[in-house]
Amino acid sequence: MEHTEHSIDPVKEQQEHIKRRAVLQAAIGVGVGLSVLSTLYVGVGFIPKVVVTPEKEPVKAGDVLVWAQGAKAGQDITPADLQAAQKSDPPFIIAYPKNPENNVVKNQSATNTIMVMQLEPSSLSPETAQHAAQGIVAYSAICKHLGCTISQWKNNEWHCPCHGGEYDPRQGAKVVAGPPPGPVPQLPIKLEGNRIVATAGFLFEPGADV
Amino acid sequence: MYKWLDERLDLQRLNNKLFRKAFPVHHTFFLGEITLFAFIVLVLTGIFLTLNYEPSIREITTPDGQKLPAAYASILYIDSLPFGAVLRSLHHWSAHIMIAAAFLHMIRIHLSGAYKKPRELNWLVGIGLLVLAIVTAFTGYALPFDNYAITATKIGYEIGAAAPWVGGLLVNILFAGEFSNTNTQMIPRLFSVHVLWLPLTLIALIGLHLLVMVKQKHTQPKYAERVSPGKVLGVPALPSQGVMAGILLLVYVAVTTLIAGIFLAHPVQAYGPPTANTPAVKPDWYFLWIYGILQMIPSSWKFELLGATFGPQFWGGILVPTLVILGAAAIPFIDTSRHKQRYLELPSQHPGRTSFVIAIVMFYIMATLAGYKIDLELPNALLWVLVLFVPILTGVVTYVVLRAFYGKTPEEPVGGLQGSAAND
């Protein structure tokens, strides 16, 4: 009797061995898994926090359009400026919105880049004219294709130098040539004395459509 | 001295085992070495640049009263140092040369069938190196923070963002948030990626590439089969091969420094600091083909699926390059051979493969031509014909000509002309 109690049963020993191995493997697996997961959490830091400063706020109703660049950077754009621009190349002005309450030019967000130009009022389509003032139209200047500033004027159309996208500012910035997937949004404006003032935000989302 | 070291390190054995290794000689074998030299020069000139570059966009006032972003101003400072402009230009040129030499090296491997078993692994590592080298060059592009570089990089950012589902997250990590002239975290992030993480990855992959090559032995040139069939023919790694490589390195450095000095690359002063405007930019030659395809794809090619947009940017910027890379990676698995590849094959004896390679090169040239669509006022329909049919036509003509001149030789199964040239 004693003899059988002390004898080693090879089958039982084998089973014990398998059980030990499974427990160890599970422990190692859980340990490695948890370590990897906790390391991944560090990766959250790769995505920076977005802080909205007054300079980064999107354009909204009441904002005044000011020169984005050049000698007059930061100054209000006047109808006289736009008439002078008509004879230059390009015949439009790149603008930023300025919050009249705190006088902050909202120039720290690329999607706030705006194109303003004066066109023949009769050439505008009815929808475009609705958001224009005396032929003055404003659009987001960020190309819907890959986010360049649409900064040129070619073949009597608004031309993006990056991949040849062309928009027609008379017809709601309809794409007339090239690869852009859609029009850029118009910015409804009105004239207040000598200033060009937004009456709302962009009609739809500005920026590259990707 | 030698004896002292030898007693401790057993240099004699190391010499016998490693440095006496026979390395075959052929002029096209230097393409890979030139790639390596370019990388060495990039690291050395890059170290010089980091010592004087300031990765920040904070506004500083220069001695002459200009207000400039610090990164841009530090490039002007580098240009004012003794040989500073030349070294920066050399860094820029070396990036071009590294990518070009790697590309030619790859074509040499393809034309001579050296990708076949057992070297499929190194073919894949090589493709990884080429892609990584291009990504590294791209991340360095924005660092001078001039208007041209910022515009060009912005396009790359939006192309990355066009990748379905993950694109937005990916570019947010690479560029530390939204791409903007005023994003203060962007330049430090790109700087770290460009000078630290990607070069370390490149060094590791280059090491692996060379290690696999040494382990598997370099392919033997065709003449070795005639001269001493079944034997390894070559010169010892040291001194003969080492001296050759050393001389080539010196010649390489001399020639590229001369070029870099005469043709100063990327004059940031001419472009000026970033503004709200977009200058008309053209990407570097290794992106020009993608740029061309982007201009050809009409705006109507767009649909949405499960919250992701598949627009023209996706087709031209993501899908086509991905297909090209996957197609290249698949080559050794399409063209399988039963024997272990020991000798290089002559392109003339493999007309199918050779004409395929030439068709691919033609595709690249035609897509690059499409990059000049606006300048040359080329109609879109013509470009589609050029990009799709000229490569196929070139391939067929090459095949016929090779067959006519070199006769019918035993053909091996190749992925040749059956595959669409545009997709592979």
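Q: Good. What should I know about the model and the numbering?

A: It's a predicted model, where local features need pLDDT of at least 70 and side-chain atom pairs count only at pLDDT 80 or more, while totals for chains, interfaces and linings use all residues; side-chain values use heavy atoms, with hydrogens and water left out. Residues are numbered from 1 along each chain as its sequence is written, with chains lettered from A and ligands numbered from 1 in the order in which they are written.

Q: What kind of pair do Y53(B) and F191(B) make?

A: The pair is tilted, because the planes are at 35°, with the ring centres 5.4 Å apart. It links distant parts of the chain, 138 residues apart: Y53(B) is in the loop between α3 (30-52) and β2 (59-61) of chain B, and F191(B) is in helix α9 (residues 186-216) of chain B. Helices (H or I, at least four residues) and strands (E, at least two) are DSSP runs, numbered from the N terminus.

Q: Are those two buried or exposed?

A: Y53(B) and F191(B) are both buried. Buried means under 20% relative accessible area, exposed over 50%, and partly exposed in between (1.4 Å probe, protein chains only).

Q: And what about F138(B) with F175(B)?

A: That pair is edge-to-face, because the planes are at 75°, with centres 6.3 Å apart. F138(B) sits in helix α6 (residues 120-141) of chain B and F175(B) in the loop between α8 (167-174) and α9 of chain B, 37 residues apart. Both F138(B) and F175(B) are buried. They also belong to a cluster linked by ring pairs, along with Y157(B), F179(B), W285(B), Y286(B) and F287(B).

Q: Switching to histidines. Where is H266(B)?

A: In the loop between α11 (237-262) and α12 (268-271) of chain B. H266(B) counts as buried, at 9% relative accessibility.

Q: Which side chain does H266(B) make a polar contact with?

A: The side chain of D146(B), at 2.8 Å. A polar contact is a pair of N or O atoms within 3.5 Å; within protein, one must be able to donate a hydrogen and the other to accept it, and residues adjacent in sequence count only if both atoms are side-chain atoms. Leaving aside neighbours within four places in sequence, H266(B) is in contact (heavy atoms within 4.5 Å) with residues including R88(B), H92(B), Y141(B) and Y271(B).

Q: And H218(B), where's that?

A: In the loop between α9 and α10 (222-227) of chain B. H218(B) is buried too, with a relative accessible area of 16%. Among its contacts, leaving aside neighbours within four places in sequence, are F23(B), P24(B) and R108(B).

Q: How do α5(B) and α15(B) pack?

A: At an angle of about 155°, with their axes 9 Å apart; α15 covers residues 351-370. Axes are lines fitted to C-alpha atoms, for helices over the stretch in contact, and angles run from 0 to 180 degrees between N-to-C directions. So α5(B) is roughly antiparallel to α15(B). Angles under 35 degrees count as roughly parallel, over 145 as roughly antiparallel, 65 to 115 as roughly perpendicular and the rest as oblique. I107(B), H110(B) and L111(B) are on the α5(B) side of the contact, with F356(B) and V361(B) among the α15(B) residues.

Q: What's up with phi at D10(B)?

A: D10(B) has a positive phi of about 55° although it is not a glycine. D10(B) is partly exposed, with a relative accessible area of 39%.

Terms used. Phe/Tyr/Trp six-rings, centres within 6.5 Å; stacked < 30°, edge-to-face > 60°.
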